[in-house]
Amino acid sequence: MARTKVSTARSFQSCEVRTGGAYSPTMYRLIYAAAVFAGLCFLSAAASAQTGPGLLLKPLMSEDENVESRGNALFLGSAHAEDGANFDMSAFELEGRYREWRERLIPRIGWDISYYNLRSDIPILDQDVLDASVAVGMELGVYSNWRSALTVGIGYAGNAPFGEGDAYYGKATLVLGKKLDKQTDFALVIDYDGNRSWYPDVPLPGFAYRHEFDPTLSYVVGVPISSVTWRPNRPVMLEVTWTFVDRIEARLEYELSPIWIVFMNLEQRFEAFSVDNIGDNDRLLLEQRRAELGIRWHPWEHTSLLLAGGYTFKTEFSVGFDQRDSQLVADISDEPYVRVGFERRW
């Protein structure tokens, strides 16, 4: 996709660069980011979940678990844009889900939070941005052997914290599903996400074919989400997930012992944020690829901590309504990063 380079001296100069005080702007942002991440980690212990179509379509946790929660913090090495401008980034993420209890009328609940602390000589990249969403989902009923379910959510993707009026968006997924046999389901889907990086204003139809081939292999094939989980033997696990159109992720794990696991991740992601001074309908768009190696430690049952080192590449910031028609702001250099995280299930 061809894009023109936007001069960083255009109207983006009206984005003010914060200055001076008892602490430097960088120190203020780091203190604020640390406080936000600490608060989000506390919240993640209470409830969690993805808020898109995965809330309904991705296979659930094991039958004896009701909540899953995961979070991580990523710290990028000092980078630069192609014109020599400095750039630094830290990212904090949380996601998870809570199992539906139909007999108690408790819906499936999910949330997904991404917080980026950006620092740069380019004014539009010298700010904090946040994408936070929450959704609830519940079965509606059974009609001619087709089960129906609906998720409805709300999110904010813009300047942190919640300061941009145009940054609020809605999300919804309607699913009509039918059980073909004990291990297989088929579903028709209509999905709307007001903050997609592609086609954010269009409800997209889709389908999902979910099957548990055997205890070692389960998969979902379809649109807007596909995934496969394969455990060919005890030490090895491979999981690949594709969410239309914002994320592709592949993870390979090898169990060294019951408490130590080494893993490799490959990921491509797209993010979008409504921020000040870039036009009425335009958004700040991020495209990034990551590759990493790490180790996961299970100190207690249902709890894991991880440490990983990796490399970001083909990181680009652009502005536009979506990725179909965007203008490049900055092409960021490929740089190493460190990531720490946790996962907890109850």
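How many residues lie between E12 and E13 in the hairpin that they form? Three residues separate the two strands.

The model described here is predicted, so local features need pLDDT of at least 70 and side-chain atom pairs count only at pLDDT 80 or more, while totals for chains, interfaces and linings use all residues. Residues are numbered from 1 along each chain as its sequence is written, and side-chain values use heavy atoms, with hydrogens and water left out.

**Strand pairing**

Strands (E, at least two residues) are DSSP runs numbered from the N terminus, and two of them pair if DSSP finds at least two bridges between them. Strand E12 (residues 236-243) is antiparallel to strand E13 (residues 247-257), with eight bridges between them; Thr 241 faces Glu 249 of E13 in this pairing. E13 is also joined by 10 bridges to strand E14 (residues 260-273), again in the antiparallel sense. Here Leu 252 has Met 264 of E14 as its bridge partner, and two residues lie between E13 and E14 in their hairpin.

Another set of pairings involves E9. Strand E8 (residues 184-193) pairs with strand E9 (residues 204-214) through eight antiparallel bridges, and Phe 186 is partnered by Tyr 209 in E9. Seven bridges then connect E9 with strand E10 (residues 217-223), also antiparallel. Asp 214 is opposite Leu 217 in E10, and the E9 and E10 hairpin has two residues between its strands.

**Salt bridges**

A salt bridge is a side-chain nitrogen of Lys or Arg within 4 Å of a carboxyl oxygen of Asp or Glu. The count by this rule is 23. Among them are the following pairs.

| Glu 95 | Arg 70 | 3.1 Å |

Because Glu 95 lies in strand E3 and Arg 70 in strand E1, their pair ties together parts that are 25 residues apart in sequence. Arg 70 counts as partly exposed, at 22% relative accessibility.

Salt bridges with shared partners join Glu 68, Arg 70, Glu 95, Arg 97, Glu 343 and Arg 345 into one network.

Definitions and conventions:
Helix = DSSP H or I, 4+ residues; strand = E, 2+ residues; numbered from the N terminus. Buried < 20%, exposed > 50% of the residue type's maximum accessible area, 1.4 Å probe, protein only.
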